[in-house]
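Student: I have a new model open and would like to learn how to read its features. Could we walk through it together?

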Amino acid sequence: MTGNCMQFPYPVRRAISVMLCVMMTFYILYCPMLDKVYGAEPQVSSPSVILMEASTGSVIYEKNADEQLRPASVTKVMTLLLIFDALEAGKINLTDEVTVSEYAASMGGSQVFLEAGEKQTVDTMIKCIAVASANDASVAMAEYVWGSEAEFVNQMNERARGLGMNNTNFVNCCGLDVDNHMTTARDIALMSRELIIKYPQIHDYSSIWMDTITHVTRRGESEFGLTNTNKLMKQYEWATGLKTGSTSLAKCCLTATANRNGIELIAVVMAAQTSKDRFADAITLLNYGYGICSLYRDENPPLIPEIIVKGGIKDNVQGISQREFTCLFMNGENLSGISGSVELLPDIKAPVAKGDVLGQIVYTLDGKTVGSVDIIAAEDVAKADYMDFLLQAFLMWVDVL
């Protein structure tokens, strides 16, 4: 023994060393797994984030998700949503040519340098907005769809209210810093979800890494290169989009979409200090979600029988599932035990309108209800009048004969 230190024999020291090595190996190999099991939260530096599963709208993780912040060019998610709404309604077509106004050409910030009087197709304008975050293309499209940017912005705010984006106010269509142009991470997730669920073709644009457009002006033709502002398209294997944004006041923002094994996630990052931080936080959130989530999708729902209707010109109506049932699980459940059963309303009377709710398919796991989907009428069934009853009675009499 020397001083106050005990000198262990060599076999004891060796045993202690081996034990420490085993403990260190266990820590390195199994602590990440234990974190996943016990739900350790993702470590992100950005002040406001949210992670959402797209098909169900379930929130997997959030941090200050309702804090109002400046969205910068992430605003263009709503701009794109309104453009696709107009396409679906037949108000515009992808092949339409859009003439650029003096005002649209004057937009600063990120742009593709459209000139006043220049014409580009709607398809090209969408590409410029989704890939290069072009402010000039955004304003040109706003004017084309609703006549002016001011009216387009009114429609943006109306659409936002319809989606439950209760903490959002848009002042322009491109995200340039102005007073009262504010939203939240949660609201960005809501409009991102609406865009990718209703118009999945947006990924045909948001997944482009590089492309070119042709400027045709008085001076002739010239090529302009587009490069995606969303670096996740190169950094993250399952990335599918969606939109970046950055200004001096908003800092670095991002709404990122990814699809892995059929699970589509939306990660929103706001006010990150650097562009590198926003992409790193998005990857952290997406990896966290894919590490804990399982998605049940009923691709073969129970057979819905013909449903009896009282007092109608027909005795029954065909019911259909309103939508495909999906449900998100985050605790390692055995999804093979999920079952669905048809539960119809007890007394259905005419008139029945197409789309009326007639019952539900209720899904259970281990005896607990995990969700449901409405059964709706596939057709109209009008209420029978006196002459209809006479006709039915006559046809029954003929059958008897």
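Student: Is Ala72 buried or exposed?

Tutor: Buried means under 20% relative accessible area, exposed over 50%, and partly exposed in between, using a 1.4 Å probe and protein chains only. Ala72 has a relative accessible area of 0%, so this residue is buried. Keep in mind that this is a predicted model, where local features need pLDDT of at least 70, side-chain atom pairs count only at pLDDT 80 or more, and totals for chains, interfaces and linings use all residues. Residues are numbered from 1 along each chain as its sequence is written, and side-chain values use heavy atoms, with hydrogens and water left out.

Student: Where is Ala72 found, and which residues is it in contact with?

Tutor: Ala72 lies in the loop between strand E2 (59-63) and H2; helices (H or I, at least four residues) and strands (E, at least two) are DSSP runs, numbered from the N terminus. Contact means heavy atoms within 4.5 Å. Beyond its neighbours within four places in sequence, Ala72 is in contact with residues including Cys174, Gly175 and Ala250. Also, Ala72 and Cys253 are 181 residues apart in sequence, yet 7.2 Å separates them C-alpha to C-alpha.

Student: How many disulfides does the structure hold?

Tutor: A disulfide is a covalent bond between the sulfur atoms of two cysteines, assigned here to a pair of cysteine sulfur atoms within 2.5 Å. The structure holds zero. For Cys173, the nearest cysteine sulfur belongs to Cys174, 4.9 Å away. Cys173 is buried, at 0% relative accessible area.

Student: What should I look for around Lys76, which is buried?

Tutor: Look for a salt bridge, meaning a side-chain nitrogen of Lys or Arg within 4 Å of a carboxyl oxygen of Asp or Glu. Lys76, in helix H2 (residues 76-88), has none, and the nearest side chain of opposite charge, Asp136, is 8.3 Å away.

Student: Which residues touch the most other members of the largest nonpolar core?

Tutor: A nonpolar core is a set of buried Ala, Val, Leu, Ile, Met, Phe, Trp, Tyr and Cys residues joined through side-chain atoms within 4.5 Å. Among the 65 residues here, they are Met78, Met141, Met191 and Leu195. H2 supplies the largest share, nine residues.

Key
Lys, Arg positive; Asp, Glu negative; His and termini not counted.
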